[in-house]
Amino acid sequence: MEAATARKIRVVVAKPGLDGHDRGAKIIARALRDAGMEVIYTGLHQTPEQIAETVIQEDADAVGLSILSGAHMTLVPRVVELLKEQGVDDVLVTVGGTIPAEDIPELKQLGVAAVFTPGAGTDEIVDFIREGAAERHERGS
Amino acid sequence: MASQPRAKPEVEGREVAPHEREAEFSTMSGHPIEPLYEPGDAPSDHEADIGRPGEYPFTRGPYESMYRGRLWTMRQFAGFGTVEETNERFHYLLDHGQTGLSTAFDMPTLMGYDSDHARSLGEVGREGVAVDSLDDMEGLFEGIPLAGVSTSMTINAPAAILLAFYVLVGEKQGVPPEKLGGTIQTDILKEYIAQKEWCFPIEPAMRLVTDMIEWCTENMPRWHPVSISGYHIREAGSTAQQELAFTLKDGLTYVERALERGLDIDDFASRLSFFFNAHIDFFEEIAKYRAARRIWAREMRETYGAKREESMRLRFHAQTAGVSLTAQQPLNNVVRTSLEALAAVLGGTQSLHTNSFDEALALPTEEAVRVALRTQQIIAFESGAPNTPDPLGGSWFVEKLTDEMEAAAYDYFARIDELGGMVEAIRRNFPQREIAEAAFAYQRELDERKRIVVGVNDFTQRDEVATPILRIDPALERKQVERLRATRAGRDATAVEAALAELKRAAATEANLMPPILDAARARATEGEMIAAMQEVFGTYTESPVF
């Protein structure tokens with residue numbers, strides 16, 4: 001656990017696409033911040049390019065993509081692909097929003113670590129990110 | 001299982017009966033509820049505060065006979081894919097007894113991007129119908145005589161453009177603007193506060209709203225150019241009190257802009273309508289609607305000097321709360337929606353959208369939409385609720401809640417005025433921060449199980465049965481892009497350029513923008529082209545978010 005506490009966990013909370021529903025993203029951003037993490041909230045209407053750039057520039061341990069517009073199967077693969085293109089393969093990618101159950105396996109196959117759907121508690125999300133980021137820190141990234 | 005009732009000896013600050021459960025007795029907005037309401041809780045001045053339905057201050061309803069005279073309009077919001085799919089859904093709804101149309105547009109249309117814009121990729125037709133030009137609007141209303149239907153359109157930043165398209169569809173059908181009935185949302189202030197779909201900075205956006213009010217006052221006497229909306233404020237996580245206060249304050253701000261333009265309050269106030277959420281806390285919602293009518297009537301008469309009763313009569317559309325729906329055990333949502341719809345009816349709504357039980361998962365299937373519509377029909381024709389106006393009027397509890405709701409709204413008005421009015425309050429993130437705080441507090445209550453949502457944090461069930469959902473075929477995006485290409489190929493490019501140049505020129509003056517928008521729409525300029533032309537003059541908007 002030493003390595004995990006050496007540096008604050010850095011998380012980018014992002015709203016890809018044109019979707020303006022930011023209630024969930026803001027609640028998660030605040031819960032993560034209250035849990036002692038450093039949170040960078042991108043604000044609304046971000047392109048996948050802007051999000052990938054923020055993740056890299058901020059040297060984030062995790063990125064949470066919040067999507068309630070139904071465009072997740074276009075936007076999530078694009079963010080993952082852009083991160084890979086830039087040689088970033090150890091950032092924990094999570095997705096939250098109205099994601100139909102049948103889309104989840106495909107998202108996970110792309111490399112998404114977890115998908116949080118309506119009703120997920122903030123504690124569950126905070127714990128997941130904390131554990132995932134701790135592993136990343138242990139690997140020495 | 002939920003915690004069993006346990007006796008608790010006392011609760012901070014008040015005495016309680018010894019047999020009360022250990023629970024928070026407060027509304028979902030956190031408003032405390034007393035152990036008992038008695039005659040002393042009702043307002044002291046019955047005539048001034050409550051009165052009769054159809055009479056000032058309209059607490060009991062905007063009309064004397066309410067639903068004995070005319071039932072509310074059953075208006076299901078619909079839109080997905082291209083105009084062909086949505087036109088089919090419109091016909092389906094009308095065939096099943098729906099009495100008004102309500103159009104949902106997709107995200108690119110709401111944000112002013114054409115379907116072939118890079119930002120539109122993956123979003124076309126997903127959450128609503130894609131409309132790029134007059135060609136699309138004509139397709140959307142194919143086979144629907146506009147003279148005989150009232151249409152609602154949920155669009156804000158680009159509202160003037162969509163209204164122009166609609167007016168031109170009417171023109172083609174031989175229906176002049178003065179005969180068109182319906183509502184376009186146009187409420188840009190709540191976009192900056194909550195819904196977050198914008199095209200321009202606040203001031204030019206407000207100018208466009210005022211242009212529309214002015215133009216409709218002169219040309220479309222049966223049209224509602226603004227539907228002042230609390231729905232999205234509530235969905236973003238506000239309390240009922242914040243929904244009421246911010247919505248009415250937005251409304252008063254539009255009134256002031258129109259008065260500054262030189263319009264007479266009695267010429268336009270009756271064309272402003274409202275749109276509220278119907279959430280799950282039954283009595284709090286009913287009190288909210290009753291307080292809304294009373295405050296609006298008072299403000300119109302006392303503050304703005306309205307003389308016609310029509311100007312003081314607040315009329316509203318209600319939609320059941322999308323956020324109250326759960327992805328878990330989705331059939332339970334039918335029950336939630338029924339309670340919410342009943343609250344809207346007992347609160348005196350003029351039209352109603354009931355959500356479908358599968359909407360926490362995806363856009364609704366036809367079956368789910370049918371159940372939602374049937375819910376309204378059961379309330380209308382089986383429950384007996386419409387038999388008398390304001391059946392809860394005179395309830396000590398409901399009257400007290402109504403008074404408290406009104407007081408909470410005036411507290412917020414004062415705080416907003418101190419900041420310099422609503423536009424300035426938004427610039428300073430005041431309503432945004434209040435909403436974010438309320439949303440977070442509510443989520444904490446769920447996490448800590450201080451509030452129970454059945455199927456989510458209690459009474460959960462493993463191995464839920466999968467619910468069939470509506471899938472939007474990705475091919476629809478390509479189909480829409482093809483439609484748009486056909487429009488671009490088939491129009492007179494020189495005429496389009498001239499019309500866009502004229503729109504841009506007018507945007508830089510103080511002229512009303514409706515006429516140049518109508519001209520550009522007629523020339524088949526697209527929505528995205530018109531927005532871009534105006535953005536060259538107005539600029540764009542970026543928020544600094546607070547959480």
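1. Angles between axes of 65 to 115 degrees count as roughly perpendicular. In this predicted model, the axes of helix 2 (residues 23-34) of chain A and helix 17 (residues 430-447) of chain B cross at roughly 70° and come within 10 Å, and these two helices are therefore roughly perpendicular to each other.

2. The residues that meet at this crossing can be named on both sides. Helix 2 of chain A brings Arg23(A), Lys26(A), Ile27(A) and Arg30(A), which meet Ala436(B), Ala439(B), Phe440(B) and Gln443(B) of helix 17 of chain B. Sorted by class, the residues of this contact are four nonpolar, three charged and one polar.

3. The interface between the two chains may be considered next. In total, 27 residues of chain A are in contact with 32 residues of chain B. On the side of chain B that touches chain A, the elements giving two or more residues are helix 3 (107-111) and helix 17 of chain B, and helix 17 of chain B supplies the largest share, with five residues. By class, that side of chain B consists of 18 nonpolar, eight charged and six polar residues.

4. Chain A contains six helices and five strands, and along the sequence these follow the pattern α-β-α-β-α-β-α-β-α-β-α. The radius of gyration of chain A is 14 Å, close to the 14 Å that the globule rule gives for 141 residues, so chain A is as compact as a globular protein of that length. The C-alpha trace of chain A spans about 40 × 30 × 25 Å along its principal axes.

5. Two further values describe the interior of chain A and its contacts. Of the 141 residues of chain A, 50% count as buried, and among contacts in chain A between residues at least 6 apart in sequence, 76% join residues at least 24 apart.

6. Met66(B) counts as buried, because it has 23 C-beta neighbours inside 10 Å.

7. Another positive phi is found at Arg449(B), a residue other than glycine, where the value is near 55°. Arg449(B) lies in the loop between helix 17 and helix 18 (475-490) of chain B, and with 13 other C-beta atoms within 10 Å, Arg449(B) is partly exposed.

Methods:
Residues numbered from 1 in each chain as written. Chains lettered and ligands numbered in written order. Predicted model: local features only at pLDDT ≥ 70, side-chain atom pairs only at ≥ 80, totals over all residues. Axes fitted to C-alpha atoms, helices over the stretch in contact; angles between N-to-C directions. Helix = DSSP H or I, 4+ residues; strand = E, 2+ residues; numbered from the N terminus. Parallel < 35°, antiparallel > 145°, perpendicular 65-115°, else oblique. Contact = placed C-beta atoms within 7 Å. Nonpolar A, V, L, I, M, F, W, Y, C, P; charged D, E, K, R; others polar. Rg over C-alpha atoms; globule rule 2.2 N^0.38 Å. Buried ≥ 20, exposed ≤ 12 C-beta atoms within 10 Å, placed from the backbone.
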